[in-house]
Amino acid sequence: MKWTCPYCQTAQVVVPSQRSLKTSLVGIENLSEGRVGFSIESIGCANSDCSRLTVFVALRRVHPSYSPDRLDFDSCYQEWNFLPEGSAKPQPNYIPAPLLEDYAEACRIRTLSPKASATLSRRCLQGMIRDFCGISKSTLLQEITELRKRVDEGDAPKGVNSEAVDAIDQVRGIGNIGAHMEKDINLIIPVDADEAQVLIQLIEMLFEEWYVARNSRQQRLARIASVSDEKKAAIANARAGQNALAPPTVNPPEESTE
């Protein structure tokens with residue numbers, strides 16, 4: 001079983017000694033959900049620098065042909081990330097804390113309240129436009145319009161392109177479902193957990209393409225500048241050493257005028 005640890009993002013093959021799967025039948029008959037049971041899957045990270053526990057809990061429909069010795073599940077009714085709570089991936093601390101908080105909370109409530117998760121994703125993306133792109137206006141629509149203009153004029157920050165702007169604009173529309181009620185309050189537009197996850201994945205992509213890429217670029221340029229300064233200092237020291245070893249200059253005797 002291939003698996004990536006949600007804490008340290010280490011990809012690994014899970015061996016039996018690192019995984020436990022427990023099942024339990026809910027012993028109540030004649031439920032509208034049918035016969036259901038719980039499955040609890042626990043995985044320990046094989047990375048010795050992490051070694052943290054991940055736990056998934058799911059309420060599943062039991063297959064009609066189950067037996068007490070073998071609890072076969074038919075389909076999933078509801079599932080939870082028990083540990084860690086939510087599916088937020090570790091992010092570098094140079095990303096502003098308010099953005100990380102909105103992102104983590106959007107991940108945490110994705111299955112519990114997809115509409116609220118979409119709204120938080122919308123707010124997180126608006127915060128990224130204001131922080132990374134330096135655009136702050138009355139509405140997100142106005143900010144996206146200004147960002148699109150700067151992209152078209154070639155005046156946007158590195159890593160910001162028209163595809164990203166289009167995606168953010170689409171998130172604005174989805175996030176509005178949770179942020180603003182329709183005029184007809186009986187009109188319900190659902191957002192499911194998978195759709196909320198798509199918005200979360202956009203945030204993760206822009207974290208990588210905007211903040212991580214900018215930090216990596218700054219580090220590479222700083223390293224180049226450091227190497228250049230080191231070489232300049234080495235050349236200056238070498239020249240100073242040569243001058244110290246050179247014999248003193250002897251002025252020729254002056255010619256007699258007599």
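A crossing of two helices is called left-handed if the near helix is turned anticlockwise from the far one by less than a right angle. The legends below describe a predicted model.

**Figure 1. Crossing of helices H2 and H3 in the predicted model.** Helix H2 spans residues 114-132 and helix H3 spans residues 140-152. Their axes come within 11 Å and cross at roughly 45°. The crossing in which H2 passes H3 is left-handed.

**Figure 2. Residues in the contact of H2 with H3.** On the H2 side, the contact is formed by Arg-122, Gln-126, Ile-129 and Arg-130. Helix H3 contributes Leu-140, Glu-143, Ile-144 and Leu-147. By class, these residues comprise 4 nonpolar, 1 polar and 3 charged.

**Figure 3. Crossing of helices H1 and H2.** Helix H1 covers residues 97-108, and its axis comes within 8 Å of that of H2. The two axes cross at roughly 160°; an angle over 145 degrees counts as roughly antiparallel, and H1 is therefore roughly antiparallel to H2. Here too the crossing is left-handed, with H1 passing H2.

**Figure 4. Residues in the contact of H1 with H2.**

Notes: Residues numbered from 1 in each chain as written. Predicted model: local features only at pLDDT ≥ 70, side-chain atom pairs only at ≥ 80, totals over all residues. Heavy atoms only, no water. Axes fitted to C-alpha atoms, helices over the stretch in contact; angles between N-to-C directions. Helix = DSSP H or I, 4+ residues; strand = E, 2+ residues; numbered from the N terminus. Contact = heavy atoms within 4.5 Å. Nonpolar A, V, L, I, M, F, W, Y, C, P; charged D, E, K, R; others polar. Parallel < 35°, antiparallel > 145°, perpendicular 65-115°, else oblique.
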